[in-house]
Amino acid sequence: MKFFIDTANLAHIQEAQELGVLDGVTTNPSLMAKEGISGEQNVIDHYLKICEIVDGDVSAEVISTDFDGIVAEGEKLAALHPQIVVKVPMIRDGVKALRYFSNKGIKTNCTLVFSPGQALLAAKAGATYVSPFIGRLDDISQEGMQLIEQIRLIYDNYAYDTQVLAASVRHPLHIIQCAEVGADVVTCPLDPIMKLLKHPLTDIGLDKFLADHKKANS
Ligand code: E4P
């Protein structure tokens, strides 16, 4: 399973990269705004900085909601760097744009996916990635992880190439469950990734090993 980091924070991206487990980055307009990135040139510069830090795919989301606008924005973003993946919302003109980009060999990430039907359409339209939002479904008392399982089954039934990119991942258990049900990619902030590291018995065990070594060598 690939690990993407879901942030526009360069320090967090750098930290995950240095850990040696990072396969890519996803951003969205809210995450860019959170880092205070605004204005076309600043946004472009920020994407390029992200591409310098990581080797893998970097999702850059379009703001337009009409076909012509999505295509114009997406082509501009894709031309910035070979690592850029155009992130397109799951709306009617978005689906049309996914097919357009797919025909032109431009990588896409279909975002804001909350149902198996939406995921099926994204795959039919040739999306490179589909982003089902687990946490936001959990927030409204629906089983986010069940959606990942349903999409996995559907894609496997028909051998769709579209990769299941589990998004809106909030905690380490989400990551484990995504791995269990066969998500291709998980994207989340730095915190849940770092929490995978932790186990109290590891800390207790290491303290004991180091104390015993010190005793034996003093
Ligand atoms: C996906 O690509 C989104 O950027 C993200 O995962 C949304 O997460 P949130 O629901 O925690 O905002």
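Which side chain meets that of Lys76 in a salt bridge? Select Lys76 and Glu40 in this predicted model: their side chains form the salt bridge, at 2.6 Å from N to O. The pair links distant parts of the chain, with Lys76 in helix α4 (residues 67-80) and Glu40 in helix α3 (residues 40-53), 36 residues apart. Both Lys76 and Glu40 are exposed. The structure holds 11 salt bridges.

Next, select helix α10. Here Lys195 and Asp191 lie 4 residues apart, about one turn of the helix, and their side chains meet in a salt bridge of 2.9 Å, N to O. Lys195 has a relative accessible area of 44%, so it counts as partly exposed; Asp191, at 43%, is also partly exposed.

Stay at this end of the tour and select Leu196, in the loop between α10 (190-195) and α11 (200-216). Together with Leu173 and Ile176, Leu196 makes a nonpolar surface patch of about 250 Å².

Move on to helix α11 and select Asp212 and Lys215, 3 residues apart. They form a salt bridge whose closest N and O atoms are 4.0 Å apart. Asp212 is partly exposed at 30% relative accessible area, whereas Lys215 is exposed at 63%. Then select Arg152, Asp156 and Asp184, which salt bridges with shared partners join into one network.

Finish at the ligand. The residues around it are Asp6, Asn28, Lys87, Phe133, Arg136, Ala167, Ser168 and Arg170; by class, 2 are nonpolar, 2 polar and 4 charged. The protein covers 85% of the 350 Å² of accessible area that the ligand has on its own.

Key:
Residues numbered from 1 in each chain as written. Predicted model: local features only at pLDDT ≥ 70, side-chain atom pairs only at ≥ 80, totals over all residues. Heavy atoms only, no water. Patch = residues over 30% accessible without salt bridge, like charges linked within 9 Å, V, L, I, M, F, W, Y side chains within 5 Å. Areas by Shrake-Rupley, 256 points an atom, 1.4 Å probe, with all protein chains shown as cover. Helix = DSSP H or I, 4+ residues; strand = E, 2+ residues; numbered from the N terminus. Near = heavy atom within 4 Å. Nonpolar A, V, L, I, M, F, W, Y, C, P; charged D, E, K, R; others polar. Buried < 20%, exposed > 50% of the residue type's maximum accessible area, 1.4 Å probe, protein only.
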